[in-house]
Amino acid sequence: MNEPDIQAVNQDFVRYDQVTKSHTYRLAESETDEFDDEYEIRTFDFGRFLQGNKIDRASFADEFSAAVQEIGFSVLENHGVDTSLYDEIHDRTEELFTTTSMEDKMRFRAARYGSVSQGYFPIRETSDIHPDLVEGWVWCRRAFDLPQQRNAPFRPEAFWPDTRYEPVFRQLAQAHEALFKPITQAMFQGLGVDPHIYDEKLTETNFGLRLNYYPPLGRADDASGAGRLLGHEDVDLFTILPAARVSGLQVWNHMSRKWVRLDAPPGSLIINTGDYMQRITNDRLPSTSHRVGKPVDGSQVHTARISFPIAVYVWENEVLDVLPGLGEPKYEPIKAITFHTRSTSKFYGDDYAVEAPVEAGGVQQ
Ligand SMILES: [Fe+2]
């Protein structure tokens, strides 16, 4: 592993990208960054699509898809998930990170399984390329007592430091899994693509639930130049992120070439498209850069920040192909595992990429 560089910019790593990204930004917040206080990331009433008639659904799809097309982010309210769940998940996430011993955490240290690096990521080790002031934990579908591709008995102790956490976090995974298809359908419909073209791929699909625990920032951390989470684009179809209590999320606006601070309303869901979606939509829905910086409100600097995004994937043997009707394809079809691991070699090292085809029904360790 090379010594991480706090001055690094995204273009230092652009060789890993499997979709076109031409802009340049510094991975961590710096005093030279400019912020865009004018641009407003749009908030929508998702009930218009979930419960609306044909006309409501079509107008929602048009507006939502246009907003995502413009900046890769939007916010959904009235999404049907009881928002008290987010308060419970917030508290249980804090409990998990603050009461689990380091020895227990390290028993679950992250390793690649299939396409995705799963498990515990110690602070400063989210990636090899930049020191981030966050601890993370990722669980994919196999870590939950949910219908699985394979019929092996479910062993929660293989994934959880205390098996009582599994049903708690499963509630969140299931609540958001119910939104995978409607969100995709709305995006596709707004692009003029068959809204149901991914329905089968998204049935009992893989996902990555990531818990982030950003500890309170000490003076040395503050002075180190490290950010809370480096700038990146998500390697997924899209991400569902419940609004965090502590601010810090910043979104790259390619039009102004400045960062937009996104503070979504409590209980709302931030939706952002990732590399898979940019690839299959032929660059129509962008995989937008984002990061977590220090809160603007100084009183929040010494508060832990907690977030729990879920990344929506397709299974590793699926092929990512440009969707019909979106013009001459700019990209070749590619197997999801190749696409995913080539992209995330950026974070985990060149030997991370899986080039060999996966046998049908098999999942590579
Ligand atoms: Fe992200």
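**Loops, overall fold and an iron site**

D283 sits in the loop between helix 7 (275-280) and strand 12; helices (H or I, at least four residues) and strands (E, at least two) are DSSP runs, numbered from the N terminus. This is a predicted model, where local features need pLDDT of at least 70, side-chain atom pairs count only at pLDDT 80 or more, and totals for chains, interfaces and linings use all residues. Residues are numbered from 1 along each chain as its sequence is written, and side-chain values use heavy atoms, with hydrogens and water left out.

D283 is not a glycine, yet its phi is positive, near 75 degrees. With a relative accessible area of 23%, D283 is partly exposed; buried means under 20%, exposed over 50% and partly exposed in between (1.4 Å probe, protein chains only). E204 is another non-glycine residue with a positive phi, here about 50 degrees. Its loop runs between helix 5 (165-191) and strand 6 (207-214), and E204 is partly exposed at 39% relative accessibility. For context, most residues other than glycine have a negative phi.

Now for the chain as a whole. Along its principal axes, the C-alpha trace spans about 55 × 55 × 40 Å. Some 56% of the 365 residues count as buried. Among contacts (heavy atoms within 4.5 Å) with a separation of 6 or more, 74% come from residues 24 or more positions apart.

Then there is the metal. H232 (NE2), D234 (OD) and H290 (NE2) coordinate the iron ion at 2.1 Å; donors are N, O and S atoms within 2.8 Å of the metal (3.2 Å for Na, K and Ca), and since water is not among the atoms, sites may look incomplete.

Finally, E95 belongs to helix 3 (residues 84-99). This glutamate is partly exposed, at 31% relative accessible area. Neighbours within four places in sequence aside, E95 is in contact with T100 and Y165.
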